[in-house]
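The sequence and structure come first, and the description follows.

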Amino acid sequence: MDFESLSADLRSLQARALKEIAEVSDPASLEALQIQYLGKKGDLTAVLRGIGALPAEDRPRVGAVANEVGEAVKGALAVRGAELHAQVQALRLASEKVDVTLPGRPVGRGTLHPIPETIAAITEVFGQFGFVVYEGPEVEDDLTNFQMLNMPPDHPARDLWDTLYVDIPGHLLRTHTSPGQMRVMQTTRPPIRALLPGRCFRYEAVDASHGFEFFQVEGLMVDEGTSMADLKGLLDEFAHALFGPRKTRFRPGYYPFTEPSVAFDVECVVCGGVGCPACSKSGWMTILGAGMVHPVVLQYGGIDPERYQGFAFGMGVERIANLRHAVPDLRYYLENDLRFLDQFR
Ligand code: DAH
């Protein structure tokens, strides 16, 4: 082994290394090359093992060549490393690029549930006549739900409302929104124009037209000279606003808290009055109960029946919603089935 052949080995090692480094195409292979050439057990070290066999004066010369070769390989590794790093970075940036011109994914819009939507439609009409929305409690007392509405304990008319009681003595789940009338009268002075939407509860076997929870909207007007004609005129406007220009009629009815009491009918919204299964072939549909507020009820409300008269009405929201949207079964309203609800978008 002499200086010439050893330095020739070193130079050819450099040439091979530079060529392989230039050809490498990923950072992992580059690192492998670094280990292969410059590592402790690498090729350069292997060549340098021959140094011991050289005459002492040649050793520094070979050392200098080895240093050059080592530096050259290191330099090439650094340059290629930087290139590869830039390539990887560029690829990553390209793959992460956001195309801000892509159309967005559509987000489905929600909509009002048909019950609040119908309550809104009802309050809208009466609002135009100056009616203001109030709310009463869902847990009522027997006094307000029944007694002050002219139904003392054991009054047979209580059978009209199958009642759900709660564990608080003297309290129940309101069976209708009518007790709200009493709460308005006790806190407001005439002239009164009140609308009371709300959830009601009854001990009912559930079927297509009965629920144990359901909604009503109650109306109350109290003023001097309020008459049955005012009631009929107002309800006509209401029926026309919701169901178009149809005939309406009052039928005699009975409620303990109104005298006289009526049922308010609209010409069948399905057949137009000819007679069909929806109106039991009568041509008419009852949409609410109403009447002149009983003087006793006014008195309970702290209002002088000699000076003031009032009318009241109460309607089932599900029934109105059924007619507006041709829904055949009120159970749909509380099932939260999207196939049903999506139809109201
Ligand atoms: N509260 C009655 C019911 O639940 C409906 C009703 C009838 C309300 C006549 C009234 C009314 O205000 O005057 O069936």
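## Sheet and helices

Helix α8 (residues 228-243) lies across β6, β7 (258-267), β8 and β9, and runs at about 130° to β6. Helices (H or I, at least four residues) and strands (E, at least two) are DSSP runs, numbered from the N terminus. Axes are lines fitted to C-alpha atoms, for helices over the stretch in contact, and angles run from 0 to 180 degrees between N-to-C directions.

The model is predicted: local features need pLDDT of at least 70, side-chain atom pairs count only at pLDDT 80 or more, and totals for chains, interfaces and linings use all residues. Residues are numbered from 1 along each chain as its sequence is written, and side-chain values use heavy atoms, with hydrogens and water left out.

The open sheet has seven strands in the order β1-β4-β5-β9-β8-β7-β6, with mixed pairing. Two strands pair if DSSP finds at least two bridges between them. β1 (132-133) and β6 (248-253) stand at the edges with a single partner strand each, so one side of each lacks a neighbour in the sheet. β1 pairs with β4 (residues 192-201) in the parallel sense over two bridges; valine 133 has leucine 195 of β4 as its bridge partner.

Helix α7 (residues 179-187) packs on the sheet and touches β4, β5 (213-223), β8 (284-293) and β9 (309-316). Contact means heavy atoms within 4.5 Å.

| Helix | Strand | Angle |
|---|---|---|
| α7 | β4 | about 140° |
| α8 | β6 | about 130° |

The axes of helix α5 (residues 114-127) and helix α10 (residues 317-325) come within 9 Å and cross at roughly 95°.
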